[in-house]
Amino acid sequence: MKLSSSIVVPQDIRPVWQFLSDPLTAPRWDRSVAEVVPLSTGPVGVGYEAMTIAPSGKRQRFRITRYDAEREVAFVLLESHLFRRAELSFRLDRVPDGTSILHQIDLDLRSPLLAPLLRLTSRNALGTDLEYLRRALARDAHH
């Protein structure tokens with residue numbers, strides 16, 4: 001199951017990349033993340049791991065699988081009860097009005113019965129998260 005959403009933000013690709021590729025910024029725009037705990041000590045890149053803590057207290061571990069500066073970052077969810085595999089990615093492209101951000105989620109569900117429900121809820125959630133990202137980037141640009 002694949003879901004995707006995109007948005008164009010007025011900022012140049014470099015500050016967008018710096019913000020989006022830093023796992024610690026996630027709580028500033030992703031409503032499902034209250035805190036990020038780094039599990040790796042090295043720089044952010046392929047193999048880097050972190051744990052997110054949701055507002056509900058639920059914890060999830062992620063590992064970065066692709067890291068192409070100013071272009072794409074992707075990570076997989078480790079140990080999920082709902083998914084056999086879940087990969088989330090952000091691809092950035094320069095456009096005349098700023099930077100295009102394509103957010104994709106590729107899921108392999110443990111139960112196919114979840115697909116219709118996830119399609120309904122996730123599509124709206126992706127668009128909302130990207131709108132929150134747009135606002136966070138605008139706030140960041142003014143500081």
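This report walks through a predicted model of a protein chain, from its overall make-up to a few selected residues.

Local features are described where pLDDT is at least 70, side-chain atom pairs count only at pLDDT 80 or more, and totals for chains, interfaces and linings use all residues. Residues are numbered from 1 along each chain as its sequence is written, and side-chain values use heavy atoms, with hydrogens and water left out.

## The chain as a whole

Let us begin with the overall layout. The protein chain holds two helices and seven strands, and from the N terminus on its elements run β-α-β-β-β-β-β-β-α. Helices (H or I, at least four residues) and strands (E, at least two) are DSSP runs, numbered from the N terminus. Of the 143 residues, 42% are buried; buried means under 20% relative accessible area, exposed over 50%, and partly exposed in between, with a 1.4 Å probe and protein chains only. The accessible surface comes to about 8300 Å², and carbon and sulfur atoms hold 53% of that. These areas come from the Shrake-Rupley method with a 1.4 Å probe; for residues, only the protein chains shown count as cover. Among contacts between residues at least 6 apart in sequence, 44% join residues at least 24 apart. Contact here means heavy atoms within 4.5 Å.

| Partner of β5 | Sense | Bridges | Residues standing opposite |
|---|---|---|---|
| β4 (residues 59–68) | antiparallel | seven | Phe62 and Leu77 |
| β6 (residues 83–95) | antiparallel | five | Leu88 and Phe75 |

With three residues between them, β4 and β5 form a hairpin, and glutamate 70 in the turn has a positive phi of about 60°.

In β6 you will also find serine 89, which is buried at a relative accessible area of 6%. Beyond its neighbours within four places in sequence, serine 89 is in contact with Arg66, Glu72, Val73, Ala74, Leu102, His103 and Gln104.

Arginine 61 sits in strand β4 and counts as partly exposed, at 25% relative accessibility. Its side chain joins that of glutamate 49 in a polar contact of 2.9 Å. A polar contact is a pair of N or O atoms within 3.5 Å; within protein, one must be able to donate a hydrogen and the other to accept it, and residues adjacent in sequence count only if both atoms are side-chain atoms. Leaving aside neighbours within four places in sequence, the contacts of arginine 61 include Leu39, Met51, Val76 and Leu77.

Proline 55 lies in the loop between β3 (49–53) and β4 and is exposed, at 61% relative accessibility. Not counting residues up to four places away in sequence, proline 55 touches Arg31, Ser32, Val33 and Ala34. Proline 55 and arginine 31 are 24 residues apart in sequence, yet their C-alpha atoms are 8.2 Å apart in space.

## Helix α1

Finally, in helix α1 (residues 13–20), Ile13, Val16, Trp17, Phe19 and Leu20 are buried. Seen down the helix axis, the buried residues of α1 fall within an arc of 165°, so they line one face of the helix. The arc is that of the directions from the helix axis to the C-beta atoms.

Note on methods. Two strands pair if DSSP finds at least two bridges between them.
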